[in-house]
Amino acid sequence: MSENLTESARILVVSRDPSALRQLWAVGEAHDWRLETADGGWEALEQLESGMEPNLVLLDLARGDADGLHTLRWLRRVRPELPILLLSYSDDAHQKMEAIRLGAQEYLVKPFKEDHLEMLITHQLASRHDNIEREIVSDHVEHITDDIFFVAASPVMHKLRAQAELLAQVNGPLLIVGERGSGKETVARLIHKLSVRSGFRFLKVNCAALPGDMLEGELFGFEKGAFAGAMRAKAGKFELCEKGTILLDNITEMPAPLQAKLLHVLHEKQYFRVGSETRIDADVRIMAATDVNIEQALAGKKLREDLYYSLSAFMVHVPPLRQRRDETSLLLGLLTNQLARHYGLPPQTFSPALMEACQSYPWPGNLRELESFVKRYLVTGDEEQALSELEHNLDSFSEHGQLSQTSEPLNGSGHGQVESEDRTSGLKSLVQSVKGETERNAIITALEQTRWNRKAAARLLQVSYRTLLYKIQQYHMSPPGYVPTFLPGNGTKGNGHGR
């Protein structure tokens with residue numbers, strides 16, 4: 001845009017301090033910012049809910065204002081995308097930390113220098129402008145952290161995004177199901193980000209990574225001497241993400257006795273550290289995730305029925321990547337740029353042929369397999385090797401009968417299996433065709449660069465001279481202007497063009 005990023009910005013000032021208002025008004029006039037005022041938190045909320053669209057909020061915490069942080073919490077809930085700067089006479093470190101955790105972008109202690117305030121406001125307005133620009137450029141991509149993003153470029157993921165927004169307003173437990181690597185943690189983080197708890201911590205615990213006794217201590221903490229090796233007391237994950245969100249991944253791997261204790265936390269909102277009889281209140285949103293079939297988990301006693309019914313009041317199903325093929329090209333581009341920056345490598349481009357093969361491939365390992373594929377392609381830059389990898393994986397899955405797991409559920413007629421086999425056969429043909437086209441183009445390029453000096457072209461391609469001659473014959477290549485006198489098989493004259 002040609003206009004200044006911060007010109008004509010609209011700023012809502014929540015303050016009842018006359019001296020602060022005068023100072024803020026002077027700063028606003030100097031920059032042509034439009035200042036709107038609210039006497040307190042309720043008035044500010046009313047203005048926002050009535051349709052006001054400020055670019056930034058300045059929230060002044062007056063002396064003795066016990067409701068200031070409560071106002072911040074509600075402002076974040078009503079308008080989570082709105083940057084909020086806090087002004088306060090208090091330099092208390094705990095209050096600062098609490099304000100930042102609740103979602104304030106900056107915390108400025110009064111009295112402040114006007115140039116410092118100007119700098120903070122200008123920075124936030126510019127950052128918000130950049131965020132809006134990014135959203136316009138890629139409105140299908142939602143950044144959750146620097147390294148984690150949510151993509152909704154397919155109808156099924158648009159529906160999931162809307163579901164996540166609704167579930168963010170609910171404070172109850174949540175069960176997230178989906179295949180391994182499909183993005184269950186990303187969905188959990190998105191719901192946390194959209195919720196009023198977003199100013200607090202999000203923690204993930206892998207229930208399959210620790211044995212039961214260690215997992216209990218990891219979740220609930222323990223006292224000194226609670227067991228051999230407990231040399232000091234330790235807070236558990238529930239305590240560390242108080243008022244935040246905890247994700248219990250692989251919930252079916254949690255031992256049954258510990259599942260019973262988790263059920264107690266869900267019902268009573270309290271727990272005990274290991275080795276202690278003191279109750280600790282639990283103000284934490286609990287999410288659980290699994291890639292195991294729920295009916296099988298219940299039948300096999302891997303998941304308690306009562307815990308399942310408590311967790312599944314709200315349930316989210318994350319679809320596998322093969323059900324959202326519309327997003328493959330976008331995901332490949334995002335992962336390529338992200339991983340290239342991470343490893344300090346130049347980003348690779350995907351030819352139309354390779355992109356088509358990637359979109360046709362079922363990606364049974366979902367996002368994890370896709371990410372690993374991109375990493376290898378970034379390092380090698382070898383398109384033929386990438387295509388061979390897809391073909392090899394298809395052969396391996398077919399040999400071990402694993403492709404049936406990547407097809408749609410069977411309807412009892414066997415049609416799904418036939419469709420899966422047809423798709424596999426078609427993809428293998430596609431990969432072979434793309435490999436051949438890639439090889440042919442490479443040979444033509446080398447021959448043109450060497451003016452059809454076949455020995456020089458073989459050296460350039462790093463193949464033997466005999467191999468190159470075979471490939472030239474295989475692909476029916478001939479130098480420009482060469483007119484064969486006889487084409488085997490039809491007894492007709494040539495037309496002067498190589499195939």
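Mentor: Of the 499 residues of the protein chain, 44% count as buried, where buried means under 20% relative accessible area, exposed over 50%, and partly exposed in between, with a 1.4 Å probe and protein chains only. This is a predicted model, in which local features need pLDDT of at least 70 and side-chain atom pairs count only at pLDDT 80 or more, while totals for chains, interfaces and linings use all residues. Residues are numbered from 1 along each chain as its sequence is written, and side-chain values use heavy atoms, with hydrogens and water left out.

Turning to the rings, the structure holds seven aromatic pairs; rings of Phe, Tyr and Trp (its six-membered ring) pair if their centres lie within 6.5 Å, and planes under 30 degrees apart count as stacked, over 60 as edge-to-face and the rest as tilted. One of these pairs joins F350 and Y377 in a tilted arrangement, with 4.9 Å centre to centre and 50° between the planes. Because F350 lies in the loop between α13 (328-343) and α14 (352-360), whereas Y377 belongs to helix α15 (residues 366-380), the pair ties together parts that are 27 residues apart in sequence; helices here are DSSP runs of H or I with at least four residues, numbered from the N terminus. F350 and Y377 are both buried.

Another pair, formed by Y361 and W363, is edge-to-face, at 4.6 Å centre to centre and 85° between the planes, and Y361 and W363 are buried as well. Elsewhere, ring pairs link F220, F238 and Y271 into a cluster.

How values were computed: Helices (H or I, at least four residues) and strands (E, at least two) are DSSP runs, numbered from the N terminus.
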